[in-house]
Amino acid sequence: AESDTSSSLLHHDNWVYQFKNTGNKTLHFFGDDTWIRLFPDLFNKKDGTTSFYVSDYTEVDVNVTRHIASDFAEMDWNAIVLHYLGLDHIGHLQGPASPLMRPKQKEMDEAVEMIYNIVEKQDAERIIQDGNARGTLIVLCGDHGMNEKGNHGGSSIGETSAALVFMSPKFDSRPTFKSNNNKEERPLSMGYPIVDQIDIVPTLATLFNFPIPKNSLGRVITDLYRSNYAPSIIRALQLNSYQLGQLLGKIDPEVLQAIQHPPFSSQNTTDKFSRSYVDAILLHKQFMASQSEHLAFETIQAYNKFINMAQSQLVNTASDYSLSHMAGGIFFIFLSVVGFIWWNIHLAKKEATAWMFSKYFVVFATVAYAITMFASSFVEEEHLTWSFLTQTLILLSLLQSIRELKQEFRAKWYLVSLLVVQIIVIRLSLAWDNSGLSATLLSCTGVKWHLLMFVLAAVLGYGVYDTIYGLKIQTQEQIDVYQTATIVHRLIKGVFILILSLCSLFVFIYKMRAANAATIPQVYHPLLDLEIVKPLSQTQLGKLVYNYEAAGLFVLVGLFYVTKRATLMNLDEVCDRKCSPFFRLLLHLVTPVLILLSSIDHALFFCLFYLQLCLLSAWQKEMFKQVPVPAWLIGAIIVCLSHISFFMTGHSNSIASIDLSNAYIGVEGYDTILIGVLTFFSNWYGGVWWAIAGWLLIMENTELKNETYEKNSPWWQYIISHSILFSSVLLFLSISVTILREHLFIWTVFSPKYLYQVAWNCLFHWFFQVCVGSLFVNYFFNWNISSQSDTQEDEN
């Protein structure tokens, strides 16, 4: 909440506060409203734009640019901050190669030129009135770069490199980097020095004569100072050294003592930081007395040496960890792991001894995977771990299936073919992105659109088939009430098919609208002119898809209710009392919206997913003839497929791989919860698909075993097997980040992985698998168990 002090920097020392309150300066702001929340009541004029609505890359900038001509010209300001968002939003939506990128960059060039021309005119007029008047400084900078997908948050060069330009009419018309003995040697890029972003704050503070914020870790950029005026450079370095020394004194009392009471000689202290600071102070005094150019150079070198040492030490100790809280969290996670293991052992007491070798491998894989959380290389290359575990688990299942079956040779070869094809499909899925197969095929004109249409048509066709033939009711024409139930049943199925068809159509049209029309084959263009979608905006079309999905879910629940009530009538009606057909229809219903939230390049994966699901379902049914597949093995396979689908769709453990381009579909404004949910589904769409497929497989498993949905049912064994894995990994990862909290890669590798693991545990497992899954299994699609049991007893 904005009223929460944690959402602002009001109670923290910062450069905006220091600038504003040093001389009661006038400060204006226009742009990203995050600034307004961080610095409340500090701007004399302000106009914020919503930063999180990524789909908008036009109005967010127009609302900023419109203030240039009016507010800059008034000359009632000491500083104006403008924060543009359009380039960042285009990057998130379509990447750096987007055709929108170049026009937006030209728009920014024009805005900078407009500001420069206004400032140049104002400076000229001011200098005419006062020859000693200072010029205006324009600072143009980016807060981050982007990777090849347009995202940021990782540690790649593209993401951590951003432009920084200091401009002023008083500078040279085309400034070049000039080496100077009084300035610090910096690494160069394209002939210009490389600086850290944290260096901007102390630089602005010394240039504009306001105190450096006490927690700043930056260093003054001395290249901005006149090379022939050493006293100003030395003074800036002195202030910078004093501020860093005060901060360093909190962990090294000798430094604080040296700052407050400098000794006459550096030999009077044994602390290296204190000795370095005192050396700089003594040289500074000597320079002030002699004004020697040689002493100026030595003084600058001495201050830079201390700043280097202090900054390095402070950066390494900047993180403040509460070990007691971390240990408490580890303890509670450990208790949950123990509890789930005990629960699983209790449920497995009556389980057959078959599949023991697969069980040993699953236990070994869980422990081994958890241990890899201590190795940065394994975390960075986690997709390889899941690739190995998935294929190995399926291969072992194949071998044990052959071992357990005692049927004829033909049946064994059927099982072999099912799982061998499964491995081949997985290899093909992995090769789609990794080997450049997708880039080669999709680069051909129109191929990706034909492929998208094929996938949507295949999903629709499969859904229509399962709707018509998956739910059969045998009628007795002489019973009127039964005829009514049959009519209602068929009518609802027809409505469901219509909704499924419209969802698939709208998804395809939405994708076409969002793309460049020149890349779309002409055969699909008439779809854009359909009367049902022509008057709708892109946002409204996205909402329409969500509305139809919700209506489809309502109709599906209604279909189950009608089927259930008709079956429980005391008639001679015959109807399979199975939940699995409804979970299959649920999967068909959800797939189009998952395609909507995914990239067009990954549409083919859903066809491959369906093929894998059919193979697993056929394998499970074939094994039931002699040795049923245990629920925990299905759970292990689904966990593997969920993770491997996450990584094969271009995601990783880097924050930069989070895709925001589809998180704003159907959203008009920024809503934290809604955007958060869409961000999850638009990045975990592969895992979500396999989660629902897992519900289907476990329902088929339950029906094959003819078991009920009580506490010892396969569903709870399935869920607990997932809980053990996710809680175990979180436990080991928590121990890892605690032990390795000072590791070089703690912020670039382990911390992002921890965030992802929390998302896997909380959102994927507990929210979607446990809560949503249990809601469908135990409530929406659950037969009346007592009635079913009584009927079975009568038949016996």
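This tour visits a sheet with its packed helix, and then a pocket.

The model is predicted: local features need pLDDT of at least 70, side-chain atom pairs count only at pLDDT 80 or more, and totals for chains, interfaces and linings use all residues. Residues are numbered from 1 along each chain as its sequence is written, and side-chain values use heavy atoms, with hydrogens and water left out.

**The sheet**

Select residues 27–32, strand β1, which runs parallel to β2 and is joined to it by 5 bridges. Strands here are DSSP runs of E of at least two residues, and helices are runs of H or I of at least four, numbered from the N terminus; two strands pair if DSSP finds at least two bridges between them. Within this pair, G31 is opposite G48 of β2.

Move to N344, V362, V363, T366 and I724, which lie nearest the centre of the second largest pocket among its 34 lining residues. A pocket is an open set of points on a 1 Å grid over the protein atoms alone, where a 1.4 Å probe fits, with protein on both sides within 12 Å along at least five of seven lines; lining residues have an atom within 4 Å of a point.

Finally, select α13 (356–371), which gives the most to this lining, with 10 residues.
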